[in-house]
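Dear colleague,

Please find below the sequence and structure that I am handing over to you. A short account of the findings follows.

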Amino acid sequence: DQPCQECQAYSASVLWACSLSVLPSPTRSQIQVDMEVSVSQLEEAGDNVTFKIQLKSKNRDNPNSNVKLLQVPVKVKAWMKLWGNSAPASILLPLVTEYPKNESKKVADYGPSVEHIYQLQNDGPSSVSGAELLVNFPNRFRESFLLYITKVTTEGSISCSPSNETNPLKVRLVQLN
């Protein structure tokens, strides 16, 4: 193993040139060159990082080798934690759900309130963007509401898009201060 004797970066580390002191070698001989690189900001790199490799020599008959493309797969590691909680933890629902007789606009007339809280945490080491959390729950049973979404709130830089309409009957929500 012989370390690279002279390496220079050109154009903001896009092109590297290393001079190797290699004695003239016989036909079909092989020389191994190990190069260790460190890359950062791979969020936009996609699935691979591509290195373009070409050997240039002082051989006057064939000074440039063919260009080889080396694709290195990008693997990102991130540990995500998900917690969920319901308050109350359980409720007993009637087997037959009926709407209030007078089309009430009071949320309490449609059954007990249940709050679901979900927390998603990234423990790294990589950053995560574009994560999607899908929560499926039964909102209808025998053509009636089973779980009725009254509101959806979020904290932090997250957006939430319920697949079912939020508060379609326009019931009055009690604001707690």
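**Confidence and findings**

The protein has a mean pLDDT of 76, and 77% of its residues reach 70 or more; pLDDT is the predictor's confidence in each residue, on a scale from 0 to 100. This is a predicted model, in which local features need pLDDT of at least 70 and side-chain atom pairs count only at pLDDT 80 or more, whereas totals for chains, interfaces and linings use all residues. Residues are numbered from 1 along each chain as its sequence is written, and side-chain values use heavy atoms, with hydrogens and water left out.

Where pLDDT is low, the predicted coordinates should not be read in detail.

Two salt bridges were counted, each being a side-chain nitrogen of Lys or Arg within 4 Å of a carboxyl oxygen of Asp or Glu. One joins lysine 81 to aspartate 123, with the closest N and O atoms 2.9 Å apart. This pair links distant parts of the chain, 42 residues apart: lysine 81 lies in strand S5 and aspartate 123 in strand S6 (residues 115-125). Lysine 81 is partly exposed because its relative accessibility is 40%, which falls between buried (under 20%) and exposed (over 50%; 1.4 Å probe, protein chains only). Aspartate 123, at 37%, is also partly exposed.

The other pairs lysine 170 with glutamate 165, the closest N and O atoms being 3.9 Å apart; both residues are exposed.

Kind regards

How values were computed. Helix = DSSP H or I, 4+ residues; strand = E, 2+ residues; numbered from the N terminus.
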